[in-house]
Amino acid sequence: MKLKKYKEKYSKKASKKNTNVFKKKDTKWIIEITLVAFVITFLLSIASELTIPNVNIIVSIIIVFVFVLLGIIFDMIGISVTVADPKVFNSMASKKMKAAKVSLKLMKNANKVSSFCNDVIGDICGILSGSATAMIALNLIDNYPKYPLLITIFITSIVASFTIGGKALGKSFAINKSNNIVFKVSKILSKFMK
């Protein structure tokens, strides 16, 4: 009987805390991030579509791996911001270090920074590297028409394994070196901020 009352009491408290989850700010942020994702994807897709068919296979592969690397780097930044310790940056910010203040701002908005880095940039890079990989496969199939299935599977598997392996390595590094990563990113950002 006591257990039942205990569960009811805390389930009511939990539901009260979650009543205002979706606020106006969230709606504005979702619309903004959707538009930003569209613009970034649109511009990078145009660059990719215009570049890859007109360059040799080596340059195309380099472009694909640049997309993969960008996805990994931004994934690391997104994770680092959510894991970093604000206490470290509070003491630096009290000494008027601009990068530390930027770091604290990033951590305060960790959900938005993580969403932008992991979801927007990370997913865009994943999509673009996939479409660029398909274009590379088509170029290779034109040169070696006997093995279309083998070429497609091989190229796709290589890019997927580098992406997954790189992100796994990046996540581990981001968790262990989160403060350093956030501080370095903040140093770069602080040069562009007033």
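What follows is a short tour of a pocket, a helix and a few single residues.

Keep in mind that this is a predicted model.

Let's start with empty space. Rolling a probe the size of a water molecule over the atoms shows where empty space is left. Here, the largest pocket has a volume of about 180 Å³. Helix H3 (57–83), helix H6 (110–143) and helix H8 (178–190) are the elements that each give two or more residues to its lining. H3 supplies the largest share, with four residues. The lining is made up of Leu70, Ile73, Phe74, Ile77, Leu106, Val113, Phe116, Cys117, Val185 and Leu189.

As for disulfides, the structure holds zero.

Next stop: helix H4 (86–94). Which of its residues are buried? They are Phe89, Met92 and Ala93. Looking down the axis of H4, you'd find these buried residues within an arc of 100°, so they line one face of the helix. On the face turned away from that buried side sit the exposed residues Lys87 and Ser94. The cover over the buried residues of H4 includes H5 and H8.

Just after H4 comes Lys96, with a positive phi of about 65°. That is a positive value in a residue other than glycine. Lys96 sits in the loop between H4 and helix H5 (98–108). Is Lys96 buried or exposed? Its relative accessible area is 67%, over the 50% cut-off, so Lys96 is exposed.

Finally, there's Thr133, which belongs to helix H6. With a relative accessible area of 4%, Thr133 is buried. What does Thr133 touch, leaving out residues up to four places away in sequence? Its contacts are Val64, Ile155, Thr156 and Val159.

Here are the accessibility values from this tour side by side.

| Residue | Relative accessible area | Class |
|---|---|---|
| Thr133 | 4% | buried |
| Lys96 | 67% | exposed |

Note on methods
Residues are numbered from 1 along each chain as its sequence is written. This is a predicted model: local features need pLDDT of at least 70, side-chain atom pairs count only at pLDDT 80 or more; totals for chains, interfaces and linings use all residues. Side-chain values use heavy atoms; hydrogens and water are left out. On a 1 Å grid over the protein atoms alone, a cavity is a set of points where a 1.4 Å probe fits but cannot get out, and a pocket is an open set with protein on both sides within 12 Å along at least five of seven lines; lining residues have an atom within 4 Å of a point. Grid points are joined across faces, edges and corners, and a volume is the space filled by probe spheres set on the points. A disulfide is a pair of cysteine sulfur atoms within 2.5 Å. Buried means under 20% relative accessible area, exposed over 50%, partly exposed in between (1.4 Å probe, protein chains only). Contact means heavy atoms within 4.5 Å. The arc is that of the directions from the helix axis to the C-beta atoms.
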